[in-house]
Amino acid sequence: MVSTNYAPEHTGIGPYATGIAEHWASRGHDTHVLAGLPHYPSWRLDPAYRGVWRATEQRAGVTVHRRRHSVPPRQSALRRALFESSILAHGLVAPPRTGRVDAVLAQLPSLAGGVLGARIAAQYHVPYVPVVQDLMGAAAAQSGIQGGGRAAELAERAESWVLRRATLVGVIHETFVERVRAMGVDPGRIRLVPNWSHIQAPSAPRARTRERLGWRPGQTVVLHSGNMGLKQGLDVLVEAARRDPSTRIVLMGDGNQREHLARRAGGLPNLEFLPSVADADFPDVLAAADVLAVTQRASVLDMSVPSKLTSYFAAGRPVVASVAAEGGTAREVLRSGAGMLVEPENPDQFLSAVRTLAEDPVTADELGAAGPRHVAAHLSREAGLARIDALIDEVLGGPGR
């Protein structure tokens, strides 16, 4: 596997790459991962890897080959290009020593990782399977990143090159299919491989967790968890906090927009920033909130589906999605039956939905209960890994080959 993001990163793509690799290793496969250094979602290098250029680790039976790369604290098209270039250059200069290879799976959106995966597969004359978690060309165009217009064109060319060389292409959502097909990939080679919920069900009493976090009984708490980047459009939550002092807005996690959001908030007493919590505590913190928020810029349509949704659904709380109605995120929220949609970048609509749920706890509980049911029916870890196994089995000519 080639995946820039990997454990100990516990949000975004990292948990899925880690889950797949450790699953393969548990089945007795000699599993190698070419990965970057841990940096997400803070976009700061994990202190444990300071000074590390190359490393080989054993994690849960998986051999992880790490290569250093740049870590831009702020996002622009140029900084992203340097990030990708450093991944590619180091991977080419110091490829992993793995011995015989039977297949290569690459986790995109790292274009450099996609190129490295295709190169390794060509070197060993084995199947190459990229799994599209985000579309980089669309991301550059839709996320609002500085210099995104020209970057989008270049990224889509590179993305097309990577995908057209694949034996099969996995996509995590059906809204990606048309863009992948437009890049020259035969629709007959595209397979749907949705992500799964990788967290456990909440276990601690909600009241106890709220008390520990300092959330008052009767106060409506809205929680956003995960990356604080440009595409998330989190300014809408800052403005919501400003307009309704009685609602507590909590932003949990990190990202390159965190400082901007803190400056814009200007010390609002009902807007709280929390660091990421330990994996064991994460489900209980999600479940302690009254509403779980997913937000995106109005321009974000078909570039990504936030990985946080699978965790939100498992937590059993209602979701309010401030996203474009025609995008993949909106489609997933509606499919789950676990939330409400409002216009993106519209704090008044967002607050109206939150108040509706606060005033109607029966409806809130009904929406929340739909999430775990959706996870059990469609987003279980077993089902997600089985889809990946089927993808690899198909390119190798059958199960066990």
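**Exercise 1.** In this predicted model, determine which residues of helix 8 meet which residues of helix 9, and describe how the two helices pack.

*Solution.* 
Step 1. Begin with the contact itself: Asp235, Val238, Glu239 and Arg242 of helix 8 meet His260, Leu261, Arg264 and Ala265 of helix 9.
Step 2. Sort these residues by class. The contact of helix 8 with helix 9 has three nonpolar, one polar and four charged residues.
Step 3. Consider the geometry. Two packed helices are described by the angle between their axes and the distance between the axes. Helix 8 (residues 235-243) and helix 9 (residues 258-265) pack at an angle of about 20°, and their axes are 10 Å apart.
Step 4. State the handedness: helix 8 passes helix 9 in a right-handed crossing.

**Exercise 2.** Describe the packing of helix 2 and helix 3, and state how the residues of their contact divide by class.

*Solution.* 
Step 1. Helix 2 (residues 77-93) packs with helix 3 (residues 111-124) at an angle of about 25°, with the axes 8 Å apart.
Step 2. This angle makes helix 2 roughly parallel to helix 3.
Step 3. The crossing of the two helices is right-handed.
Step 4. On the side of helix 2, the contact is made by Glu84, Ile87, Leu88, Gly91 and Leu92. In helix 3 they meet Leu111, Ala112, Gly113, Val115, Leu116 and Arg119.
Step 5. By class, the residues of this contact divide into seven nonpolar, two polar and two charged.

**Exercise 3.** In the open sheet of three strands, determine the strand order and explain why one side of strand 1 and of strand 2 is left without a neighbour in the sheet.

*Solution.* 
Step 1. The three strands are arranged in the order 1-3-2, with mixed pairing.
Step 2. Strand 1 (32-35) and strand 2 (54-59) stand at the edges; each has a single partner strand, so one side of each lacks a neighbour in the sheet.
Step 3. From one strand to the next, the twist averages 20°.
Step 4. Strand 1 and strand 3 (residues 62-67) run parallel and are joined by four bridges. In this pair, His32 stands opposite Thr63 of strand 3.

**Exercise 4.** Determine in which sense strand 12 and strand 13 pair, and follow the chain from strand 12 to strand 13.

*Solution.* 
Step 1. Strand 12 (residues 319-322) pairs with strand 13 (residues 339-342) in the parallel sense, over four bridges.
Step 2. Within this pair, Ala321 stands opposite Leu341 of strand 13.
Step 3. From strand 12 the chain crosses through helix 12 (residues 328-336) to strand 13, in a right-handed β-α-β crossover.

Definitions and conventions:
Residues are numbered from 1 along each chain as its sequence is written. This is a predicted model: local features need pLDDT of at least 70, side-chain atom pairs count only at pLDDT 80 or more; totals for chains, interfaces and linings use all residues. Side-chain values use heavy atoms; hydrogens and water are left out. Two strands pair if DSSP finds at least two bridges between them. A crossover is right-handed if, with the strands pointing away from the viewer, the path from the first strand over the helix to the second runs clockwise. Axes are lines fitted to C-alpha atoms, for helices over the stretch in contact, and angles run from 0 to 180 degrees between N-to-C directions. A crossing is left-handed if the near helix is turned anticlockwise from the far one by less than a right angle, and right-handed if clockwise. Contact means heavy atoms within 4.5 Å. Ala, Val, Leu, Ile, Met, Phe, Trp, Tyr, Cys and Pro count as nonpolar, Asp, Glu, Lys and Arg as charged, and the others, Gly among them, as polar. Angles under 35 degrees count as roughly parallel, over 145 as roughly antiparallel, 65 to 115 as roughly perpendicular and the rest as oblique.
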